[in-house]
Amino acid sequence: RQRTRSVLQKPNHGGRVCDTPVEAEACGTGSCDRDCALGEWTEWSFCSMACNPGTMPGFQERVRKVVLPIRGNGMCPAEWSAKRLERQTCNPQPCHGDEICVAKQDLIIALDASGSLR
């Protein structure tokens, strides 16, 4: 950056010339790159299964969200990286058939309104 001063009165009668009316200094010379910053771990999610149907037990996960994004060529762990995602097994006991499901489920309904089906 730079700043300039105007000379209002030129030297007269043997007076001295004013110092340089321009001052300059370097700025913005630091790196523009910044790595992301991660927040604290979230609470563990609900278990994905109430019991083990025989193939595998359920799992829980917790994540760390990005609270400060990268800048320039900064680095940030991928969403599935161990630095941002943790999983653990839960409810390893075998199913008996009387379990109550408490996990969130997705339901997809496809509706064909084109008239092509009769």
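This is a predicted model: local features need pLDDT of at least 70, side-chain atom pairs count only at pLDDT 80 or more; totals for chains, interfaces and linings use all residues.
Colleague: How many disulfides does the structure hold, and what is a disulfide in general?

Modeller: A disulfide is a covalent bond between the sulfur atoms of two cysteines. In this structure there are three disulfides, and if the bonded cysteines are numbered in sequence order, they pair as 1-4, 2-5, 3-6.

Colleague: Which parts of the chain does the disulfide of Cys 36 and Cys 76 link?

Modeller: The sulfur atoms of Cys 36 and Cys 76 lie 2.0 Å apart, and the pair links distant parts of the chain, with Cys 36 in the loop between strand 2 and strand 3 and Cys 76 in the loop between strand 4 and strand 5, 40 residues apart. Cys 36 counts as buried at 13% relative accessibility, whereas Cys 76 is partly exposed at 32%.

Colleague: Why is the disulfide of Cys 51 and Cys 95 called right-handed?

Modeller: The torsion about its S-S bond is about 100°, so the disulfide of Cys 51 and Cys 95 is right-handed. Here Cys 51 sits in the loop between strand 3 and strand 4, while Cys 95 belongs to the segment after strand 5, 44 residues apart.

Colleague: Where do Arg 87 and Glu 61, which form a salt bridge, lie?

Modeller: In the salt bridge of Arg 87 with Glu 61, the closest N and O atoms are 3.0 Å apart; Arg 87 lies in strand 5 and Glu 61 in strand 4, so the pair ties together parts that are 26 residues apart in sequence. Glu 86 and Arg 62 meet in a salt bridge as well, at 2.7 Å from N to O, with Glu 86 in strand 5 and Arg 62 in strand 4.

How values were computed: Residues are numbered from 1 along each chain as its sequence is written. Side-chain values use heavy atoms; hydrogens and water are left out. A salt bridge is a side-chain nitrogen of Lys or Arg within 4 Å of a carboxyl oxygen of Asp or Glu. Helices (H or I, at least four residues) and strands (E, at least two) are DSSP runs, numbered from the N terminus. A disulfide is a pair of cysteine sulfur atoms within 2.5 Å. Buried means under 20% relative accessible area, exposed over 50%, partly exposed in between (1.4 Å probe, protein chains only).
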